[in-house]
Amino acid sequence: MDKLKDKINSIRLEAEAASARADAAEMALKQLNDQQTEREHEINSLTNRVSMLEEELERKDAKIAETKQLVEDNENSKNAGDTLSKRIHMLEEKLEEAELELQQTKEKLRNMDIKADTLERTVAQMENERNDFERKHEELNEKYIKIKEEHEETIKALEDLSLKLLPTTNQKLFKSLHLFPLRKYTTQNKKALLNSLTPTIKDVLNTKVGSEVEISGWVRSFRKQKRIAFAKLHDGSSQDSLQVVFDPESCELPKEISFGSAVRVWGTISSSMGGEQSIELQASKILVEGSTDPSYPFQKKYQTPEFTRNYEHLRPKLELFNTIMRIRNQAEHEIHSFYTDNQFTKIHTPILVQNDCEGAGETFSIEQPQNPFFDSRTNLTVSAQLHLEAACSAHNRVYTFNPAFRAETGITNRHLAEFWMVEAELCFVDNVDRLMDIIEANVSTPINKIVNKMQKELDFLSKFYNVPDLIVKLDKYSSTDFVRISYKEAIEILQLAQSNGTSFQFPPKFGNSLQSEHELYLTNTHFNQTPVFVYNYPKEIKAFYMKPNPDNSTVACIDLLFPGIAELAGGSVRDNDHDSIKSRMVSSNPLATSQLDWYFDLRKFGSAPHSGYGIGFDRFVQLLTGSKSIRDVIMFPRYFDHIKC
């Protein structure tokens, strides 16, 4: 019998060694696939650049054609007088239409005054009804107190009576009474209810050897030999899987068990003889809750992220996306904890809005029915900033964690059409230095918590994405001060690099926005993989709500740049002067000014100096995981020409 056991152990060790060699071969294949993917990216990049050059050539051809047309128009200048007369006539017609619209508006105002009078009368009537209800409530409350006292006296009498009866009689008496609920939920009841749930793999991995457990999950791998079978189960609760050992003599193995099957297993925890885990489950019974069809697109072998995007509804089952989603969940938890610890109030801001906060025009508009639901154009929000400013005027420190939407047609590995934003506004913060302190803490604190709590997940991602220094980089970001330079200094650094031979697709020039290639050069190369704040951008290239600096040519704003990511966060000191901010809005987008009257009103009623910022949460998760594409850090990505489910 001992020889048989030794032979079984030997066979098991050989099986595990063979599995290790198979994993090593699989990793080598994955590295080759990564290299192929990088070459495909380079080809795509060159193709995109050729397309851009072709588009530039088309634009120049269009300008030449336009110039020729102007020359022809100048030759026909004798018709200019007629054209001018027509334009004057059109303007006169528009003036008449405006006067008519003004009359209609006045009529609407009169009708609104009438409605207001009616509303006031209705409010007065409702107040009278409320007083009646309050009086009735007091009467009922007095009756309730009286009945309650009588009920307590009855209970006391029953208790006194029960002491005189035998235990069996006492028990029968209380069973026959219907004065008490059969079950009352207390804190202990609720804990017991949670304890009645099947334990997770994370729970089982901390269970003592010899314990009998029931576990549910999905088969991540399955190996069957002549006299023994092994399965690895996962349930999303832990980076570690649980190895289950099936002995045909003690546990009947269902035929339908396979990779991806949903199963329930009963058995005993025992010490493991293998080197990959300290404990394993010796199964006594297994039930297949859901088998896997042979058409299942994923197998144990390596699949590229690009391939898995074709099956967005199934890829959460894969170990890679299981890991990323756990880190995403923990990152959200740590961000909420940061705000809670610093006394921020969470605000639920609207998704449907009138305005385009950023002023870029890249909004999704809501198509309304023939009889419009809203009385004005409605968009999906691109930012919660304006509504947060209204909230912070009462709550001082506020934040939101909401989806945002931008109709950007660019196809890059850093952009989504639907994405998640962390945004905050703080009153009495009136300079960029204090704002940068807050943003740096908001970013570095969650990174530090993730590094300390999710070592196994980060180790797995480091190997999968072939980023061996992932944890070292994250640890550096959480413990090293971020670099801070002005926009002017950034342009000077980039121009010096260009003069020394660095090639940029877009030459750096003062007055132009920084491109991704500029941002990545600053963080990756010049400052040696260090996060960088760039502040005080020219006023002309920034939004109307940013506070002008004393030089009146720049605004008090910042962008936070990260290695490999480029822009991660952006913010500014808000202009809290009513006349200043409104005049800038009128000059930049006069048609949208009327939609923001409520926003300008905030500057008229107790306005305080305030600042705010937004962090791209999906990019933050991309930073934490080392993922090469933002499309792989959100479960169901939406981007240009792509929506799968």
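The following legends describe close-up views of side-chain contacts in a predicted model.

**View 1. An aromatic pair between phenylalanine 259 and tyrosine 296.** The search of the whole structure finds 23 aromatic pairs. In one of them, phenylalanine 259 and tyrosine 296 have a centre-to-centre distance of 6.1 Å and an angle of 50° between the planes, a tilted arrangement. The pair links distant parts of the chain, 37 residues apart. Phenylalanine 259 belongs to the loop between strand S3 (242-246) and strand S4 (262-271), and tyrosine 296 to the loop between strand S5 (279-290) and helix H6 (305-308). Tyrosine 296 has a relative accessible area of 13% and is therefore buried, the limit for this class being under 20%. Ring pairs join Phe259 and Tyr296 with Phe298, Phe307 and Tyr311 in a cluster.

**View 2. An aromatic pair between phenylalanine 504 and tyrosine 521.** The ring centres of phenylalanine 504 and tyrosine 521 are 5.7 Å apart. Their planes meet at 90°, so the pair is edge-to-face, a class that requires an angle over 60 degrees. Phenylalanine 504 lies in the loop between helix H12 (487-499) and helix H13 (516-526), whereas tyrosine 521 is in helix H13 itself. The two residues are 17 residues apart, and their pair links distant parts of the chain. Both phenylalanine 504 and tyrosine 521 are buried.

**View 3. Charged side chains over aromatic rings.** Lysine 285 places its charged end over the ring of tryptophan 266, at 4.7 Å from the ring centre. In another such arrangement, arginine 631 lies over the face of tyrosine 639, with a distance of 4.0 Å to the ring centre.

**View 4. A nonpolar patch on the surface.** The patch is formed by Leu352, Ile366, Phe373 and Phe374, which together have about 400 Å² of accessible area. Phenylalanine 374 is located in the loop between strand S7 (352-353) and strand S8 (379-380).

**View 5. A polar contact between threonine 554 and aspartate 551.** The side chains of these two residues, threonine 554 and aspartate 551, are joined by a polar contact of 3.0 Å. Threonine 554 is in strand S13 (residues 554-562). With a relative accessible area of 10%, threonine 554 is buried.

Methods: Residues numbered from 1 in each chain as written. Predicted model: local features only at pLDDT ≥ 70, side-chain atom pairs only at ≥ 80, totals over all residues. Heavy atoms only, no water. Phe/Tyr/Trp six-rings, centres within 6.5 Å; stacked < 30°, edge-to-face > 60°. Helix = DSSP H or I, 4+ residues; strand = E, 2+ residues; numbered from the N terminus. Buried < 20%, exposed > 50% of the residue type's maximum accessible area, 1.4 Å probe, protein only. Lys NZ or Arg CZ within 6 Å of the ring centre and 35° of its normal. Patch = residues over 30% accessible without salt bridge, like charges linked within 9 Å, V, L, I, M, F, W, Y side chains within 5 Å. Areas by Shrake-Rupley, 256 points an atom, 1.4 Å probe, with all protein chains shown as cover. Salt bridge = Lys/Arg side-chain N within 4 Å of Asp/Glu carboxyl O. Polar contact = N/O pair within 3.5 Å; in protein donor to acceptor, adjacent residues only side chain to side chain.
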